[in-house]
Amino acid sequence: MCGIAGYADLGLTRGADPGILARMAQTMTHRGPDSDGFFLADHVGLAVRRLSIVDLRTGDQPIGNDDGTVVVCCNGEIFNHEELREELRAAGHRFHTASDVEVLVHLYEDLGTGLVHRLNGQFSFAIYDRRRRRLVLARDHVGITPLHYAVAGGTLIFGSEVKALLAHPAVPREVDLTGLDQVLVLPGLVSPRTMFRGISSLPPGHLLVLEDGRISTERYWDLDYPLAADGAAPGQDPADHLAALERALLRSVELRMRADVPLAYYLSGGLDSSLIAAMASKLAHGGPVRTFSVVFPDSRMSEQPYQRLMAGSLAAEHTEVPVTPGDLRAQLADAIWHCECPLKESYNVASMRLSRAVRQRGTKVVLTGEGADELFAGYVGYKFDKMRAAKSERPPRPDRPQRAGRPPRPPRPPRPPRPPRPPSEEERLRARLWGNPRLSYGRDLAGLTRIRGALYSPELAAEQGSFSCLEQPLVDIAQMTGRHILHQRSYLDFKLRLADHLLGDHGDRVALANSVETRYPYLDLGVIDCARAIPPDLTLHDFEEKHMVKQLAGTYLPMEIVQREKFAFHANASPELVRSAGAWVDHYLNPSRIRREGYFNPEFVGELRRKYATQDFDLDLLVEDDLLMVVITHGMFLEAFDMPSLS
């Protein structure tokens with residue numbers, strides 16, 4: 001992974017300022033400490049900070065074609081670059097590096113923007129076509145790599161991180177209230193929103209093209225489940241699906257082991273990361289693998305026994321990274337600076353400490369297990385959906401038999417039909433947002449509307465309808481219509497939980513904070529196609545989450561790992577911080593500060609603080625939101641980026 005940035009004059013007349021480009025690149029040195037590179041021509045300037053992983057000697061960027069008419073800067077990896085390189089050479093293209101990024105130049109020469117349909121990877125890139133004076137930006141199918149952009153002062157400005165855009169003098173600093181509302185209501189931000197008004201995140205699977213001074217965006221890929229009416233493919237039995245999944249996942253791991261630097265593997269102690277590490281060990285022909293795990297002193301949060309069991313079964317070179325409540329307090333503000341948004345949880349700090357340990361031991365690349373829960377029904381909500389569906393499909397009770405010797409009962413007059421129950425406020429919200437009033441995705445959305453009304457300052461509460469994220473489209477409902485309810489929930493998890501939260505603030509940002517690239521084998525396009533083809537009743541067989549993954553894992557992992565209950569990872573919540581860090585908490589929850597900033601109601605924040613400070617109070621983060629954590633980290637966010645108050 002790297003960091004890219006740049007800008008282009010919409011009027012096609014002004015050239016880029018090298019000093020501005022250098023400042024934009026400098027903000028992302030952590031993403032690419034190994035080298036930098038710049039391109040300036042016509043009305044366009046491009047910059048890149050490189051984390052060298054493939055072709056350490058000749059792979060510096062920007063990279064151009066033979067006559068310099070096509071130039072590319074890329075953040076990420078093209079995992080199928082070797083296969084593409086052979087095709088392109090056979091078609092007459094000449095390569096001057098061994099870099100995976102160079103295939104983008106030659107694919108663009110042949111296919112234009114259609115090159116994205118040939119890529120298997122995690123990437124965001126900028127391609128400048130000098131002949132057409134066209135700038136093309138792209139983000140990978142799933143959204144592993146970020147790319148942000150803004151239009152300000154007649155200029156299109158972009159970068160891998162928002163802080164690169166803020167280094168451009170035309171970009172203002174103002175909180176996007178809908179972005180803040182998304183953090184409170186959803187798992188995290190959802191593209192195209194960011195926490196900065198006027199700055200957008202290019203959504204996963206999208207292209208942005210600047211040509212002739214006009215900007216257009218296009219979706220080139222989306223998670224597309226089959227219609228429920230189509231049923232399972234004929235002739236496919238569970239063994240066929242299992243074999244296909246094993247082939248696809250092994251191939252995915254193999255592709256993601258391509259690197260010219262050492263690799264490592266995260267072990268959470270759960271099924272998903274353990275299976276990836278075990279497959280990598282098999283592909284390495286039993287060679288030792290390097291693994292890393294977070295360890296908490298609180299046994300309720302620690303998965304250490306399972307981590308050690310798995311590391312031992314692999315004979316791995318294993319590193320445990322202890323994280324204490326004091327570590328969380330000390331480094332939470334640093335995490336906010338890298339994540340560029342407030343957070344509901346402190347686990348991002350644990351992830352950041354994990355990547356720091358990886359880097360300190362000389363490793364740049366880690367494979368991890370995100371994506372399996374979203375594709376293979378790994379969350380408890382999938383079970384609840386199936387339970388509700390089974391209850392609604394129960395057959396009616398049969399008539400009681402007539403006892404012998406009794407005269408037959410006269411038939412009862414038919415009851416008048418009951419008027420249909422009007423939908424509740426919650427059902428109306430679900431129908432509008434998800435297209436299905438029975439799909440209970442999210443935690444009491446109607447109740448959250450009332451809670452936010454109390455949490456926001458009186459001035460913001462009065463305007464809540466104008467910026468509420470629940471009043472605006474969040475997903476493409478057409479991609480859910482007619483699909484099985486399991487696939488509907490999977491699509492929502494993919495869009496609202498995975499892309500910008502688990503892969504973004506929870507993945508890319510805290511890994512690249514320490515110049516470490518994370519790779520996700522479950523999110524390979526071949527694995528996704530396998531997940532799409534598996535019938536829902538097999539994905540969640542007998543209410544067992546990730547049934548197919550467990551069936552596969554049974555041949556690779558200790559059964560204690562395969563059969564253990566799902567463990568939701570989390571770190572210390574704000575009640576622990578409130579009780580143990582008085583002065584630290586006072587700094588962010590001081591009523592005068594809250595009032596001066598103008599975003600939250602100091603009286604309600606004070607009530608939350610008193611409630612959370614009670615010795616026996618605790619939050620069940622599976623069903624409750626940590627509102628006070630959002631308030632604390634929002635204060636850190638305002639400080640980190642010198643954001644204006646509302647008052």
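Guide: Helices (H or I, at least four residues) and strands (E, at least two) are DSSP runs, numbered from the N terminus. What you see is a predicted model, where local features need pLDDT of at least 70 and side-chain atom pairs count only at pLDDT 80 or more, while totals for chains, interfaces and linings use all residues. Residues are numbered from 1 along each chain as its sequence is written, and side-chain values use heavy atoms, leaving out hydrogens and water.

Let's start with a pair inside one helix. E86 and R89 are three residues apart in helix α2 (residues 81-90), which separates them by about one helical turn. Their side chains form a salt bridge (3.7 Å, N to O); that term stands for a side-chain nitrogen of Lys or Arg within 4 Å of a carboxyl oxygen of Asp or Glu. E86 is partly exposed at 49% relative accessible area, and R89 is partly exposed too, at 42%. Here buried means under 20% relative accessible area, exposed over 50%, and partly exposed in between (1.4 Å probe, protein chains only).

Next comes a pair that reaches across the sequence. D476 and R219 form a salt bridge, with their closest N and O atoms 3.0 Å apart. D476 sits in the loop between α16 (464-467) and α17, and R219 in strand β12 (residues 214-219), so this pair ties together parts that are 257 residues apart in sequence. D476 is partly exposed at 26% relative accessibility, as is R219 at 38%.

Now for a pair with another setting. The side chains of R519 and E517 meet in a salt bridge at 2.6 Å, N to O, and both residues are buried. To place the strand here, look at an open sheet of five strands in the order β15-β14-β13-β16-β17, paired in parallel. In that sheet β15 (317-322) and β17 (517-519) are the edges, each with a single partner strand, so one side of each has no neighbour in the sheet. Strands count as paired if DSSP finds at least two bridges between them; β13 (residues 263-266) and β16 (residues 365-367), for instance, are joined by three bridges, and A264 stands opposite V366 in β16.

Salt bridges can also link up into groups. R31, E161, K163, E340, D508 and R509 make a network of them. Across the whole structure, a search finds 52 salt bridges.
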